[in-house]
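This report looks at one chain as a whole and at two of its residues. The sequence and the structure come first.

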Amino acid sequence: MVEFSMANAEAFIDEDDELEEEPGEEIESAPPLNVGEEREISSNGLKKKLIKRGHGWETPEFGDEVTVHYVGILLDGTKSVSTRDKGEPVTFKLGQEKVAAGLDCGIVTMRKGETALFTLPLETGFGSTESDSSLNTVVQFEVELVSWITVVDVCKDGGIIKKIMEKGELIGPPGDLDEVLVRYVARLLDGVTVAETPEHGVEFYVKDGHFCQALPKAIKTMKKGEKVNLIVQPQYAFVDGDKDCENGVPSIPPSSILSIDLELVSFKPVINLTGDLGVLKKILKEGEGTLTANEGAAVTIRYTAKLEDGTLFEKRGFDGVDALKFITDEEQVVAGLDQAVITMKKGERAIVTVKPDYGFGNTEVKRDLAMVPPCSTIIFEVELLEFTKEKDPGEMNNHERIQVAQRKKEEGNLLFKDGKYQSAVKKYEKAIDCINEDEPFEDDDQKIVKSLKVACWLNGAAACLKRNYFQEAIKQCSKVLEVESCNVKALYRRAQAFMETADLHLAEMDIKKALEIDPQNREVKLIQKTLKQLQAESNMRDAKLYATMFARLSNENSSAAKRLKVEETESKNEENV
């Protein structure tokens with residue numbers, strides 16, 4: 001339902017009319033009518049006069065079921081027909097022109113409770129579609145829009161028609177991964193009930209489906225608290241019927257059309273945090289505000305950790321056991337729990353399902369209450385009690401920025417020693433971020449900042465070499481050499497990376513320069529020997545390659561010469577003949 005959608009507007013535009021509109025441009029609609037005001041609302045001459053304002057801002061769309069009162073007025077001003085005389089409004093589907101041709105185009109501009117007078121221009125083909133000849137001269141209709149039901153063709157093929165009986169909250173719709181709580185009653189068209197949930201409803205994951213395939217398809221279009229009626233064709237229900245009869249509920253005959261009254265009571269969002277279903281977070285209780293813990297935040301959580309079979313192997317923050325405090329993004333907990341906590345708000349409670357790649361991997365781990373077998377999926381129920389976000393460098397003065405950078409560099413060094421190279425690289429990057437020169441440093445501080453940057457780049461390059469990230473190692477060393485062109489460590493590590501990427505000539509240049517600066521450097525001399533071995537092997541491979549190429553060319557030339565000789569002999573023989 002929209003106030004005045006482009007779909008509605010198309011009904012008022014002639015095929016010959018050109019809508020001068022740039023892509024993405026919205027055409028400003030006319031201001032709303034005042035009571036007593038009349039206006040032409042379509043290019044076909046349809047006029048609308050507002051008699052009584054409606055409620056809200058929503059209007060029906062073509063395809064919706066509207067309930068209206070109307071009074072038809074003849075050319076001479078007398079009343080022709082009236083639903084008020086019958087005492088009951090009429091209900092019909094917009095777009096089928098059940099009352100009068102063109103009248104539906106006016107009804108789609110009305111709000112609930114609104115009364116308006118529509119004038120239909122007979123000369124342009126508007127008029128009654130009813131068989132009652134007494135309406136053929138009706139030129140005006142006074143219409144009251146009592147209510148309407150939004151009708152949605154869920155699959156766009158008529159297989160699942162959804163009528164919204166009661167609107168929900170502005171929460172939803174649920175996605176494939178979400179867990180939903182629904183209530184429903186399924187009936188045949190003759191009213192016989194064939195399936196019904198308990199009063200408290202039934203829970204399931206949308207992706208797993210339930211009852212029939214129409215249910216999850218419809219649920220993915222609903223809001224929390226929404227109540228609908230579904231008319232489900234057999235291809236989305238039970239083409240072959242359901243012959244099982246349980247709890248006294250009749251079986252479903254083959255090719256039956258079902259009418260399902262469905263309510264989406266609530267749902268728990270499930271978020272795919274890693275994009276590969278490796279870490280899923282199902283929110284049980286929303287947290288406070290909008291802020292979430294970030295990388296490097298100091299957090300306090302309480303949790304229980306179980307295996308998929310329900311075995312409890314760890315808990316913190318319950319039964320007298322202290323809650324867990326840690327710094328995010330420092331590998332102090334398993335990666336999956338770390339990634340989940342970073343997305344949580346204070347007070348939020350969630351179930352976090354962690355696959356082995358983001359948990360303990362393929363190793364067996366002894367925990368407080370039980371052993372965790374290799375390749376185990378872990379299920380945490382975790383609550384974020386409080387957190388303190390890491391201070392942004394922009395909020396610090398220069399002295400604080402240098403102190404934080406020094407601390408992060410040292411933390412990176414400790415991670416490097418523990419073999420946590422990826423986390424070490426992150427620490428070095430954060431240290432450099434703290435001292436990027438958005439604001440100039442004083443001369444004494446400049447020396448410290450330069451020294452810190454060089455140390456972080458060099459250590460970062462060493463960590464990248466350990467992780468086989470050779471291009472990144474080259475980049476880090478090159479940054480050092482931009483500010484210290486004679487830094488032997490940078491030349492040495494960049495040469496190592498070049499050797500790994502088979503850029504032997506570039507490696508030779510770096511080694512040569514390093515030995516010019518420090519001729520006795522033992523480490524550089526060692527990789528010089530390795531480089532010479534690699535060059536010799538490369539030369540042998542090249543020699544073999546070229547020998548093969550020359551042999552192939554020689555064979556091809558020999559074959560060509562033979563063919564030419566044969567052709568010349570045949571030519572001479574032909575001449576002699």
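Which backbone atom lies 3.1 Å from a polar atom of the side chain of N521? It is the backbone nitrogen of V524. The model is predicted, and the values below are computed from it.

**N521**

N521 sits in the loop that runs between α11 (504-517) and α12 (522-576). Leaving aside residues up to four places away in sequence, N521 touches V488 and L515. N521 counts as buried because its relative accessible area is 16%, and buried means under 20%.

**T193**

T193 belongs to strand β12, which covers residues 193-196. T193 has a relative accessible area of 29%, so this residue is partly exposed; that class lies between the 20% limit for buried and the 50% limit for exposed. In sequence, T193 and S259 are 66 residues apart, while their C-alpha atoms are 9.4 Å apart in space.

The two residues are set out below.

| Residue | Place | Relative accessible area |

**The chain**

The secondary structure of the chain consists of 12 helices and 24 strands. The chain has 577 residues, and 40% of them are buried. Of the contacts between residues at least 6 apart in sequence, 67% join residues at least 24 apart. The chain exposes about 32400 Å², of which carbon and sulfur atoms supply 48%.

Definitions and conventions:
Residues are numbered from 1 along each chain as its sequence is written. This is a predicted model: local features need pLDDT of at least 70, side-chain atom pairs count only at pLDDT 80 or more; totals for chains, interfaces and linings use all residues. Side-chain values use heavy atoms; hydrogens and water are left out. Helices (H or I, at least four residues) and strands (E, at least two) are DSSP runs, numbered from the N terminus. Buried means under 20% relative accessible area, exposed over 50%, partly exposed in between (1.4 Å probe, protein chains only). A polar contact is a pair of N or O atoms within 3.5 Å; within protein, one must be able to donate a hydrogen and the other to accept it, and residues adjacent in sequence count only if both atoms are side-chain atoms. Contact means heavy atoms within 4.5 Å. Accessible areas come from the Shrake-Rupley method with a 1.4 Å probe; for residues, only the protein chains shown count as cover.
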